[in-house]
Amino acid sequence: MKHKLSTKLLKLTVLILPFTFLFFLNSCLEGGGGGGLPQQEPVSKEVSNDQGGSVSQSDYSILMLPNSLMQTNPNQIPSVTLSIEVGAETPVNIPSTYQLIGQVVKFGPEGFVFNYPLQLIFPVGDATDCENFVVIYFDELEEDWVEIQITDILSEPNRVAISSFKLGTFALARKSNLRSNQPHRAYGGVRIGRNVDWNVFYSLTIKDFIPKYQVTPNQAARFIGYNATSLWEAETFHTRNPLAMVIPQGEYHIWVSKLDITTGRWLTYSVPCHIVVDRPLNRVWLTWSLNMVELYREWYDLSNYLTGGTWIEYRPDELPVPSETVGTGKFQATLTWTNSANSTADLDLHMYGPNNVHIYWDNKSEPNFAFELDYDWIDEPGNAVENIYSVSDDITPGRYKIAVHNYYGVSQKRYNVRIINNGVVKNFSGTIDDDEEKILYEFNY
């Protein structure tokens, strides 16, 4: 096995929680479309940590707050290139229990955990109301589609939003037979905040959960660390209070946090709210509403449960650990995959260039060469990343190739590679066998 310095390993712990008991929403959706719409060219935008920002395509959007990146070098302001590909290919078939609304979309960068959750926005076409909405996400670890709670709805045009610490392949869908596993009134909801302070970003994180209705241990465990964060306006960063979170009835301890976007801090109430959610939400409006709180009644207001503690600087341990920022430039190629106890591989990213230059784990840079590899993962568990990017615009003319190699590990290992070349985004996904190498992309400078 090759030797790589442990100080260079990127430690990621990713938490995307499958919301497998999504609340039953009682109206019907008309319009939207299926999965047969044409694929669009991806769009991208570099966003700096101090400014935050957003990127959009066909009313699909990523919204990033300032200080959403972990700053490893105090003398540099990190940045990230956000990308959207509408009409992306599905890694595996979407189960027949879901009817797509719109298209499958790939939000990038994949396999990267942010300090603050991002807001992902999905259009709903001509829908006048929302029934049985669920956002599904392809979980690389489970190699299957899982569900994420909708945290808010928007109007003009009608859209829905979710909070997520991690990007990847998503789709908005209508789910059938929602009542098959749980009584349809088994869901309640909590809320926090009022429309008085536009600069407070509330965030709720489930610390522990004892369900009222019988579920499997794995299903209950998926709610530990489940997070919802206030939606905000893309340009002004004004928060949309109050924040609502729909959850199964049961007994909870919930962390209440405030996000300080000027410093990147989490201010959390030192005592989690202990609350028994035992009444169902009741639908109020039959048409599209301004937000989730207006849509239903019988919310539990967590402001009444903040007792016995103080606000302290603390990011709940149940949340995923933020990733170190990788390099970005005129050119960037990023390889991601997921290692688990049952599926481990050491994948490597390679660049071949003029004059027999070869950039990879054992030759991370060349003198007077414009590219280098800054992150190299071996076979540790978690969401792995390798990254090659341009450190200079003085690029040697010639032919270049980007390849992925399964240096060691299981066969048919899934990988994702995002390449950004002068603002043009290309996404590549597939599987690769042990000791196989695939050329994914060739280009000239």
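Trainee: Where does proline 109 lie?

Mentor: Proline 109 sits in the loop between strand E5 (98-108) and strand E6 (113-123); strands are DSSP runs of at least two residues, labelled E and numbered from the N terminus. Keep in mind that this is a predicted model, where local features need pLDDT of at least 70, side-chain atom pairs count only at pLDDT 80 or more, and totals for chains, interfaces and linings use all residues. Residues are numbered from 1 along each chain as its sequence is written, and side-chain values use heavy atoms, with hydrogens and water left out.

Trainee: Is the peptide bond from glycine 108 to proline 109 cis or trans?

Mentor: Most peptide bonds are trans, and most residues other than glycine have a negative phi. The bond from glycine 108 to proline 109 is cis, with omega near 10°. Another cis bond joins glutamate 156 and proline 157, with omega about 0°.

Trainee: What is phi of glutamate 156?

Mentor: Phi there is near 55°, a positive value in a residue other than glycine. Glutamate 156 lies in the loop between E9 and E10.

Trainee: Is glutamate 156 buried or exposed?

Mentor: Buried means under 20% relative accessible area, exposed over 50%, partly exposed in between (1.4 Å probe, protein chains only). Glutamate 156 has 76%, so it counts as exposed.

Trainee: Which residues have the most contacts inside the largest nonpolar core?

Mentor: In soluble globular proteins, nonpolar side chains tend to be buried together. A nonpolar core here is a set of buried Ala, Val, Leu, Ile, Met, Phe, Trp, Tyr and Cys residues joined through side-chain atoms within 4.5 Å. The largest has 44 residues, and Phe122 and Phe170 have the most contacts inside it. Apart from it lies another core of 28 residues, including Trp337 and Phe443.

Conventions: Helix = DSSP H or I, 4+ residues; strand = E, 2+ residues; numbered from the N terminus.
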